[in-house]
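Hello,

Here is the structure you asked about. My notes follow below it.

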Amino acid sequence: MRVSRLYVAEPLNVGGRIELDDDAAHYVRSVLRLKQDQNIVLFNGHGGEYLGSFSEVSRKTVRVEIEQFIERNVESPLAINLGLGISRGDRMDWAVQKAVELGVTRLTPLVTERCVIKFNDDKKQQRLQHWQHIVQHAAEQSGRTYCPVIGEITHLSDWVSEQQGLSLFLDPYAEQSLADLNPENLSVTLLSGPEGGFSEQERQIAKAAGFIPVRMGARILRTETAVLSALTAVQTLWGDFR
């Protein structure tokens, strides 16, 4: 029988006991419908996972006894740093989710000229927390034992100036393809735009910072399709699928 996996944001130690927070407890009781003495796999995003069993499942409390550490690593040999132009609603959520499933190492949401969402400080924190939850759930589903880092919401011009190594931005008008390139130290940085793509000024800023424009085939892809295609392509060329 398949044992459910659950992310918990706290230290885990064999022989220890943890009490799940309200959201996780509700998920265990009402969604997974697990009972006392049944097993659960826990991970905290820092590597490996822990097999535990429920010592209590009640309306007030859900406790897990941690019984065994399992050394498990499904990370890609390719470190992928993704700068993602912020798009609206479900498109951004979907892109974040699929990026986690496809092995991204770090993801930074970027404010661009054609970004249609405006952020104050409170809204920034709300969106970051929302995307963090998506990352955690995608890691649960995909079997990852490390959670990708979500960077602070940043302006594109600031972010590109901080990147090193092979840095690429997705551009439907580029002449070069990914197959023409090869990353050093199995590390690559990808830059993908929002709806409407990059402005000409942003394209020039990225190129001045050392980013190479690359095309993803002959057709213009939607923002969420471009991210999925690029991640699949780099994993095929240099990462998981070699």
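Buried means under 20% relative accessible area, exposed means over 50%, and partly exposed is in between (1.4 Å probe, protein chains only). This is a predicted model, where local features need pLDDT of at least 70, side-chain atom pairs count only at pLDDT 80 or more, and totals for chains, interfaces and linings use all residues. Residues are numbered from 1 along each chain as its sequence is written, and side-chain values use heavy atoms, with hydrogens and water left out.

Helices (H or I, at least four residues) and strands (E, at least two) are DSSP runs, numbered from the N terminus. Asp37 lies in the loop between helix 1 and strand 3. Asp37 counts as exposed, at 61% relative accessibility. Its phi is near 80°, a positive value in a residue other than glycine. Arg33 sits in the loop between helix 1 (22-32) and strand 3 (39-43). Arg33 is exposed, at 59% relative accessible area. Phi of Arg33 is also positive, near 55°.

**The annotated domain**

UniProt, in an unreviewed entry, lists residues 20-67 as "domain: Ribosomal RNA small subunit methyltransferase E PUA-like". Such annotations may be inferred rather than shown by experiment. Over residues 20-67 the chain is 23% helix and 42% strand. The end C-alpha atoms of that stretch are 16 Å apart.

Axes are lines fitted to C-alpha atoms, for helices over the stretch in contact, and angles run from 0 to 180 degrees between N-to-C directions. Angles under 35 degrees count as roughly parallel, over 145 as roughly antiparallel, 65 to 115 as roughly perpendicular and the rest as oblique.

Helix 2 (residues 89-101) packs against helix 3 (residues 121-142) at about 40°, with the axes 9 Å apart. The two helices are therefore oblique to each other. Contact means heavy atoms within 4.5 Å.

Helix 2 and helix 6 (residues 223-238) pack at about 10°, axes 9 Å apart. So helix 2 is roughly parallel to helix 6. Arg91, Trp94, Lys98 and Ala99 of helix 2 meet Thr223, Glu224, Leu228 and Leu231 of helix 6.

**Leu82**

Leu82 is in strand 6 (residues 79-85). Leu82 is buried, at 2% relative accessible area. Leaving out residues up to four places away in sequence, Leu82 touches several residues, among them Ala99, Trp159 and Val227. Leu82 and Ala99 are 17 residues apart in sequence and 8.5 Å apart in space, C-alpha to C-alpha.

Best wishes
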